[in-house]
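The sequence and the structure come first, and the notes follow.

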Amino acid sequence: MSRPAAERREDLVALYRRARGCTACPLSESRIQVVFGHGNADADLAFVGEAPGFHEDQQGVPFVGRAGQLLDELLAENGLEREDVFIMNVLKCRPPENRDPQPEEIETCRPYLDAQVELIEPRVICTLGNFATKLLTLSSRGITQVHGRPQAQTIGGRSLRIYPLFHPAAALRTPRVKEQLREDFSRLPALLAEAVEPSPALTVPAPGAGSPLEDPPAVDQLGLFG
Ligand code: URA
């Protein structure tokens, strides 16, 4: 049974506040700031990237560099914007020189990702690139093999779909990958419609009932829209 969105959102803000001071691994010594995640706290659709890069570390918000611009473009092409989704990463802190995440860093950071998924309750998670895909599909099959194929998965006792996509940074490097990413992305609205059961509370709002999340408090870089 799902907990009320307002409660889950409060817990997400509390988790964000805890994560901001995290010193659980050595990345805390080289980062400028923790990049927790950004977007709609009650999103049906979430994206999980790899780790913050230079710009994300500066601004505290995921996907704000060139890869993020491409992600915004693809969202817009499919009638979506950041306000509709929640965007986060496997690692919450930038690895020095943008090197690959190390297994022990992924392990140490994992509880934040699990808690985010449990609190946001997305129905579809797009994993961007190899690290997020292998972690959340529990498989060693790489993104080239599994992109564009939704997979059923259970996280925190909830069934959801993982939809692996090429990482936008890889798409910026290789035109064919960009074409493929665009094609896979275009199937997202249909997948989302399938995965989202119509909610009577949303289709028939009680007269005069406002959403408790309509007037979100500004919480630094968390940018909660939902
Ligand atoms: N690449 C990622 O995987 N995450 C970001 O936030 C930015 C670039």
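## Overall build

Of the 226 residues of the chain, 49% count as buried. The model is a predicted one. Its chain has 11 helices and 6 strands. Among contacts with a separation of 6 or more, 74% join residues 24 or more positions apart. The accessible surface of the chain comes to about 11,300 Å², and carbon and sulfur atoms hold 50% of that surface.

## Nonpolar cores

The largest nonpolar core has 35 residues. Within this core, L12, V48, F86, I125 and L136 touch the most other members. Two or more residues come from each of α1 (5-20), β2 (45-49), β3 (85-89), α5 (103-120), α6 and β6 (158-165). The biggest share, 7 residues, is from α5.

Beyond its neighbours within four places in sequence, L12 is in contact with F36, A41, F86, Q116, L119, I120, L222 and L224. Apart from this core lies another one, of 27 residues, which includes L75, I87, F185 and A195.

## T137 in α6

Helix α6 covers residues 130-137 and contains T137. Is T137 buried or exposed? T137 has a relative accessible area of 9%, and because the cut-off for buried is under 20%, T137 is buried. The side chain of T137 reaches the backbone oxygen of T133 at 2.6 Å. Not counting residues up to four places away in sequence, T137 touches Q151, Q153 and I162.

## Ligand site

Which residues are around the ligand? They are G49, E50, A51, E56, P62, F63, N89 and H167. By class, this shell has 3 nonpolar, 3 polar and 2 charged residues.

| Residue | Protein atom | Ligand atom | Distance |
|---|---|---|---|
| E50 | backbone N or O | oxygen | 2.7 Å |
| A51 | backbone N or O | nitrogen | 3.0 Å |
| N89 | polar side-chain atom | nitrogen | 2.8 Å |

Taken alone, the ligand exposes 240 Å², and the protein buries 89% of that area.

Technical notes
Residues are numbered from 1 along each chain as its sequence is written. This is a predicted model: local features need pLDDT of at least 70, side-chain atom pairs count only at pLDDT 80 or more; totals for chains, interfaces and linings use all residues. Side-chain values use heavy atoms; hydrogens and water are left out. Helices (H or I, at least four residues) and strands (E, at least two) are DSSP runs, numbered from the N terminus. Buried means under 20% relative accessible area, exposed over 50%, partly exposed in between (1.4 Å probe, protein chains only). Contact means heavy atoms within 4.5 Å. Accessible areas come from the Shrake-Rupley method with a 1.4 Å probe; for residues, only the protein chains shown count as cover. A polar contact is a pair of N or O atoms within 3.5 Å; within protein, one must be able to donate a hydrogen and the other to accept it, and residues adjacent in sequence count only if both atoms are side-chain atoms. A residue is near a molecule or strand if one of its heavy atoms lies within 4 Å of it. Ala, Val, Leu, Ile, Met, Phe, Trp, Tyr, Cys and Pro count as nonpolar, Asp, Glu, Lys and Arg as charged, and the others, Gly among them, as polar. A nonpolar core is a set of buried Ala, Val, Leu, Ile, Met, Phe, Trp, Tyr and Cys residues joined through side-chain atoms within 4.5 Å.
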